[in-house]
Amino acid sequence: MFRKVSAFVLAGVIATAMTGCGSTSTPATGTDSGKVADDGKITMGFSQVGAESGWRTANTKSVQESAKAAGVELKFSDAQQKQENQIKAIRSFVQQKVDVIAFSPVVESGWDTVLKEAQNAKIPVILTDRAVDSADKTLYKTFLGSDFVEEGKKAGQWLVEEYKDSKDPVNIVELQGTTGSAPANDRKAGFAEVIAADPKFKIAASQTGDFTRAKGKEVMEAFLKSTPDIDVLYAHNDDMGLGAIEAIEGAGKVPGKDIKIITIDAVKDGMQALADGKISYIVECSPLLGPQLMDLAKKVVAGEQVPARVVTEETTFTQEQAKEALPTRQY
Ligand code: AHR
């Protein structure tokens, strides 16, 4: 059985290397206690947030394709952006006695009970993409995903640089991600911290657009009516920014000129809008977490130590850089 497990781990390492997807990690936590099915095949229960954005669609594809390539049997569940659906899915994975559970938590709070149930059943849990705020860090083996605070900071740093020679006030509106989610909380905090250095930056309005294009459009329409003289839109993802572009154009304004737009993700549609001059700057958030997830899953199931935190390496894009990157963009 051990030889089979080692082969799986090796396959995962190769798959990770093949994607060229970099990451940095923090030191390992304690020993993991996993098990493998008698046929040597790992079964993973995966609870996805939903299909709210281009990013999420690319993330689902990455997880499904990587599971197939790595020989992992995937039980996939779409929570349609509802925490109760994720909790139900995790309970069902526990009942089915899967080898490992992975999930991307829609919000940060409220997971301790169900994670304890998985722990009592000796099923290791991996957080992917988003964090939970549980004080008990033994409830999960590792957390693979982006540094969302850093993403917010990068967005703020671009803005500070862009307006460095201006003394006039800069009116910003913010489209937040799903309320209570790690990316919404952290991207807001990182951005706010950086722009706080100069009082000319003012967040005139800030509301959730739930990471969707439709809600981004709807909320931007309301901002345009309620907030005079908007200089900048900061949207926590591309999809909300793309919805907002429709609202801005509908109001007879020119996105990228009358209102500068900063977004996060760098999915193809966002990159196209950036190359077209409608978006001014994008901070990348990579959805291609599948190969690393399979690699980590094999290790925790084999009882190997894994880093407590694996941070995805990401970049940023200007309009010129988007034109160069678009032809080979994978998602
Ligand atoms: O958790 C990652 C975020 O979730 C992405 O930035 C957003 O597009 C998605 O819906």
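**Figure 1. Surroundings of D129 in the predicted model.** Leaving aside neighbours within four places in sequence, D129 is in contact with W55, R56, S104, F143, L144, G145, S146, F148 and L289. The structure shown is a predicted model. D129 is found in the loop that joins β5 (125-128) to β6 (142-145). Its relative accessible area is 3%, so D129 counts as buried, the limit being under 20%. The side chain of D129 also makes a polar contact with the side chain of S104, at 2.8 Å.

Figure 2. Helix α6 comprises residues 182-195. At 1.5 Å a residue, its 14 residues should span 20 Å, and the C-alpha atoms at its ends are 20 Å apart, so the two values agree. Which residues of α6 are buried? They are A182, P183, A184, R187, G190, F191, V194 and I195. In an α-helix there are 3.6 residues a turn, so residues three or four places apart point the same way. The buried residues of α6 pack against α5, β7, β8, β9 (232-235) and β10 (260-265).

**Figure 3. An aromatic pair between Y163 and F201.** A search of the whole structure finds 5 aromatic pairs. One of them, formed by Y163 and F201, is edge-to-face, with 6.4 Å from centre to centre and 85° between the planes. The pair links distant parts of the chain, 38 residues apart. Y163 lies in the loop between α5 (148-162) and β7 (170-176), whereas F201 belongs to strand β8 (residues 201-208). Y163 and F201 are both buried.

**Figure 4. S66 in helix α2.** S66 is found in helix α2, which covers residues 54-70. Is S66 buried or exposed? With a relative accessible area of 11%, S66 is buried. Apart from neighbours within four places in sequence, S66 is in contact with G290, P291 and M294.

Figure 5. Phi of K97 is near 55°, a positive value in a residue other than glycine. K97 is placed in the loop between α3 (83-95) and β4 (100-103). K97 counts as exposed because its relative accessibility is 64%, the limit being over 50%. For D229, phi is likewise near 55°, again a positive value in a residue other than glycine. D229 lies in the loop between α7 (213-226) and β9. The relative accessible area of D229 is 61%, and this residue is exposed.

**Figure 6. The chain as a whole, for orientation.** The secondary structure comes to 11 helices and 13 strands. Of the 331 residues in the chain, 53% are buried. Among contacts with a separation of 6 or more, 77% are between residues 24 or more positions apart. The chain exposes about 14,200 Å², of which carbon and sulfur atoms supply 51%.

Definitions and conventions:
Residues are numbered from 1 along each chain as its sequence is written. This is a predicted model: local features need pLDDT of at least 70, side-chain atom pairs count only at pLDDT 80 or more; totals for chains, interfaces and linings use all residues. Side-chain values use heavy atoms; hydrogens and water are left out. Rings of Phe, Tyr and Trp (its six-membered ring) pair if their centres lie within 6.5 Å; planes under 30 degrees apart count as stacked, over 60 as edge-to-face and the rest as tilted. Helices (H or I, at least four residues) and strands (E, at least two) are DSSP runs, numbered from the N terminus. Buried means under 20% relative accessible area, exposed over 50%, partly exposed in between (1.4 Å probe, protein chains only). The expected span of a helix is 1.5 Å times one less than its number of residues. Contact means heavy atoms within 4.5 Å. Accessible areas come from the Shrake-Rupley method with a 1.4 Å probe; for residues, only the protein chains shown count as cover. A polar contact is a pair of N or O atoms within 3.5 Å; within protein, one must be able to donate a hydrogen and the other to accept it, and residues adjacent in sequence count only if both atoms are side-chain atoms.
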